[in-house]
Amino acid sequence: MKILRIAVTGSAGSGKSIVCERFKAIGLVTLDCDIIARQVVEPGMPGFKKIVEVFGQKMVQKDGTLDRAGLRHVIVEDAILRKKMEDILHPQIAVEMVSQIENAVYKKEKAVAVEVPLLFELGMEKQFDVTIVVAAQDMDLVKRISKRDKVSKENAQKVLDLQMAQKDKIAMADHVVINTGTMAELFESVDNLFGKIKKEFLTN
C-alpha cells in the first residue's frame, strides 16, 4: 500500500504541532520526530547508552532517565557537543520514523503527516512526497518559545539562531502555511492545503 508521506517543518514556535493536530483531526496518521527522539534515548535503548558514554553519568537523573534540561543547555552552548549529540540521535530517529510510518494503521486517509523540526538541515526531505513549512512572524516565534520553554527572550532567540533561517526553509518547501492569524484561520489553511494535496496524490 502506497502511503503519502507529508513532512511538516518550520522554525521553533511556528505552530508545527498545531498543524499536525489538525491533520490528525481530518484523518491522517501523525508522528512527531521530537517524540521519536525521546523514545530512542529511553533507558536501555542504544541511544541512551551512547549519550551517557559521550556526555557522562552527570546527564542521568536519579530516576535513571536523561536530564533533558541539562542536555539542552549543553547543546545550545557548545557546537562540538551538539554535533556529537546529533551524530548519535539523527540516524536512529530516521530509522525509527520509517518503522513507525510502515507499521501505522491507516483508516481514513492513506497519508501520514510527520513533524520534522530539522527536515532540511538533515536532508530528510528526500524521504517525503510533500514538504510543508509552517511560518510565523519572527517576533512571534521568540515570544512563543520564551513562553513555552519558560526561558528569556534572549535564550529563545539563541534556539532560533541554531536553526536554518525561516526564509530559507520557505524557499525549499513545496507548500507554506502561514500562522499569523486565528486558530480557525490556521485550520482552514490546513484543510484547504490537504484538499489540494489529496487531489494531486490520492485521487485515482
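A: Of the 204 residues of the protein, 44% count as buried, a word that here means under 20% relative accessible area, with exposed meaning over 50% and partly exposed in between (1.4 Å probe, protein chains only). This is a predicted model, in which local features need pLDDT of at least 70 and side-chain atom pairs count only at pLDDT 80 or more, while totals for chains, interfaces and linings use all residues. Residues are numbered from 1 along each chain as its sequence is written, and side-chain values use heavy atoms, with hydrogens and water left out.

In soluble globular proteins, nonpolar side chains tend to be buried together. A nonpolar core is here a set of buried Ala, Val, Leu, Ile, Met, Phe, Trp, Tyr and Cys residues joined through side-chain atoms within 4.5 Å. The largest such core has 35 residues, and those with the most contacts inside it are I51, M97, V112, V114 and V116. Two or more residues each are given to this core by β2 (29–32), α2 (33–39), α3 (46–55), α4 (68–77), α5 (79–103) and β3 (111–115), and its largest share, seven residues, comes from α5. Helices (H or I, at least four residues) and strands (E, at least two) are DSSP runs numbered from the N terminus. If residues up to four places away in sequence are not counted, M97 touches L31, C33, I36, V114, M124, Q127 and F128, where contact means heavy atoms within 4.5 Å. A second, separate core of 19 residues includes I6, V8, V134 and I197.

The cysteines deserve a separate word. A search of the whole structure finds zero disulfides, a disulfide being a pair of cysteine sulfur atoms within 2.5 Å. C33, one of the residues that M97 touches, is buried, with a relative accessible area of 6%, and its sulfur lies 9.6 Å from the closest cysteine sulfur, in C20, which is too far for a bond. C20 also counts as buried, at 5% relative accessibility.

Next comes the sheet. Five strands form an open sheet in the order β2-β3-β1-β4-β5, with parallel pairing, and two strands are said to pair if DSSP finds at least two bridges between them. Because β2 and β5 (175–178) stand at the edges with a single partner strand each, one side of each is left without a neighbour in the sheet. From one strand to the next the twist averages 25 degrees. β2 and β3 run parallel and are joined by four bridges, and V29 stands opposite V112 in β3. Helix α1 (residues 16–25) packs on the sheet, where it touches β1 (4–10), β2, β3, β4 (130–135) and β5, and its direction makes about 155 degrees with that of β1; axes are lines fitted to C-alpha atoms, for helices over the stretch in contact, and angles run from 0 to 180 degrees between N-to-C directions.

As for the whole, the protein has nine helices and five strands. Its radius of gyration (taken over C-alpha atoms) is 18 Å, close to the 17 Å that the globule rule gives for 204 residues, so the protein is as compact as a globular protein of that length; that rule is 2.2 Å times the number of residues to the power 0.38. Among contacts between residues at least 6 apart in sequence, 74% join residues at least 24 apart.
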